[in-house]
Amino acid sequence: MECPKEIVLLMHSYFDGDLQPEGEQQLKEHLRSCAACAAHFHELKKTVAFLQYAAHVAAPPSFAAKVMEAMPKERKTARLRRFLHHHPLLTAASLFFALTFGSLASSWGERGAFSVSADEHVIIRDHTVIVPKGETVKGDIVVRNGSIRIEGTVDGDVTVIHGKKYMASAGQVTGEVEEINQVFEWIWYNIKERFNRALQSIE
Amino acid sequence: MYFMDLFIKKRIKAIQKGDQNAYADLVDLYKDKIYRLCYRMLGNRHEAEDAAQEAFIRAYIHIDTYNPEMKFSTWLYRIATNLTIDKLRKRKPDVYLDEEVGGTDGLTMQAQLPSRETSPEEAVESLELQETVQRAIEQLPEKYRSVIVLKYMEDLSLQEISEILGLPVGTVKTRLHRGREALRRQLGHL
């Protein structure tokens, strides 16, 4: 028996949930009278039930962790922002340090003019301060953006910023000798200086 | 549902700003759905896990292209469906099975192949029934398989399926009909 094609279409409309009342009536009547179509419809219903029954599957337990592990590295700024957000005290502290050291570090960048704190008993030639043989400089010497060659004696500390110090074999420094060529050294030097100055002002 | 949508929107905004942790919440929310889709499409747990993972990573990488007009789940489903279809195409060289056979109302050779003999007694066992259903789905050409899986495994509306696959609802319906008919030949006698 050849049934009208539209009967099968009606069946599928039924499964799609958009069967109109007239269609429903037509399908019902046909199924009552046609065993082949009734069987067909029953099989479809069973098929759909099997499909729905088989639906439940869950991801393996470690799935989410594996995904997050396999993720591309996130932008650094995002990580930093989140970190700062979660650690407000650290943020305040790091802000303080950034401001304090930042200004110092940037003043390091300004390569100022050559200067020397002592001018008695020294010779200055091409950004090099020379303490001549036999001469004695009383007091500390600070050389900025230049070098120092010590052939005589310095009765105090010698500090060279952005430069080199050369000691002749006969040269003598009674105090400390320091070369500052790194930013952090420069910062440390400034902190010491400021601290000393602060102490002096208190005294 | 409103609360859920808001939650998802917030997560997506955070992810778009580069916050990877916000994505973990979305993975948790959708992992079962996406894994299930991949498993039903590919029929193999190992491959399904790889594909689902890849889908989530793709979604994360392309999060900037996500259009908030669309449901996030729809977008994820689209990525995962396309990915599994790609994998299926690469996997099987017997593409001819997907070709339409003349005069059979759009049914393919695949759908007309006799079902593997499974006696009803065997299929009564629930696990075996699961297996049988899965094997039957795997016999479907991919274009019917995707609509059947999205409709019956993921329980999505025809409208959502049409958005996921980028097809008119009418086409989705036609594919569903053919998919159901092909499955009926395999499962209807159980």
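Let me start with Lys138 of chain A. Its bridge partner in strand S7 of chain A is Asp155(A). Bear in mind that this is a predicted model. The two strands involved are S4(A) and S7(A), with S7(A) covering residues 153-155, and they pair in the parallel sense over 3 bridges.

That pair belongs to an open sheet of 3 strands in chain A, in the order S4-S7-S10, with parallel pairing. Which strands stand at the edges? They are S4 (136-138) and S10 (172-173) of chain A. Each has a single partner strand, so one side of each is left without a neighbour in the sheet.

Next, strand S8 of chain A, residues 158-161. Val158(A) and Val160(A) point one way from S8(A), Thr159(A) and Ile161(A) point the other way, and all are buried.

S8(A) pairs with strand S5 of chain A, residues 141-144, in the parallel sense over 4 bridges. Within that pairing, Arg144(A) has Ile161(A) as its bridge partner in S8(A). S8(A) is also joined by 4 bridges to strand S11 of chain A, residues 177-180, and the two run parallel. There, Val158(A) has Val177(A) of S11(A) as its bridge partner.

Stepping back to chain A as a whole, it has 7 helices and 11 strands. Of its 203 residues, 14% count as buried. Among the contacts in chain A with a separation of 6 or more, 23% are between residues 24 or more positions apart.

One helix of chain A can be checked for length. H1(A) has 12 residues, which at 1.5 Å a residue should span 16 Å; its end C-alpha atoms are 17 Å apart, which agrees. After H1(A) comes Gly17(A), with a positive phi near 75 degrees.

Now the contact between the chains. Chain A puts in 30 residues and chain B puts in 36 residues. On the side of chain A that touches chain B, the elements giving two or more residues are H1 (5-16), H3 (35-53), H4 (63-70) and H5 (76-86) of chain A. H3(A) gives the most to that side, with 8 residues. By class, that side has 19 nonpolar, 4 polar and 7 charged residues.

On to the cores. The largest nonpolar core has 50 residues, and those with the most contacts inside it include Ile34(B), Cys38(B) and Ala80(B). Helix H2 of chain B, residues 21-42, gives the most to this core, with 11 residues. Where does this core lie relative to domain 1 and domain 2 of chain B? Domain 1 (2-91) and domain 2 (96-187) both give residues to this core, so it lies between them.

Not counting residues up to four places away in sequence, Cys38(B) touches Ala48(B), Ala51(B), Ala52(B), Ala80(B) and Thr84(B).

Last, helix H4 of chain B, residues 72-91. From its first C-alpha to its last, H4(B) reaches 29 Å over 20 residues, close to the 28 Å expected at 1.5 Å a residue. Its buried residues are Trp75(B), Leu76(B), Tyr77(B), Ala80(B), Thr81(B), Leu83(B) and Thr84(B). What covers the buried residues of H4(B) includes H2, H3 (45-61), H8 (142-153) and H9 (158-165) of chain B.

Methods: Residues numbered from 1 in each chain as written. Chains lettered and ligands numbered in written order. Predicted model: local features only at pLDDT ≥ 70, side-chain atom pairs only at ≥ 80, totals over all residues. Buried ≥ 20, exposed ≤ 12 C-beta atoms within 10 Å, placed from the backbone. Contact = placed C-beta atoms within 7 Å. Nonpolar A, V, L, I, M, F, W, Y, C, P; charged D, E, K, R; others polar. Pairing = 2+ DSSP bridges. Expected span 1.5 Å × (residues − 1). Core = buried A, V, L, I, M, F, W, Y, C linked by C-beta atoms within 7 Å. Domains from an automatic or database assignment.
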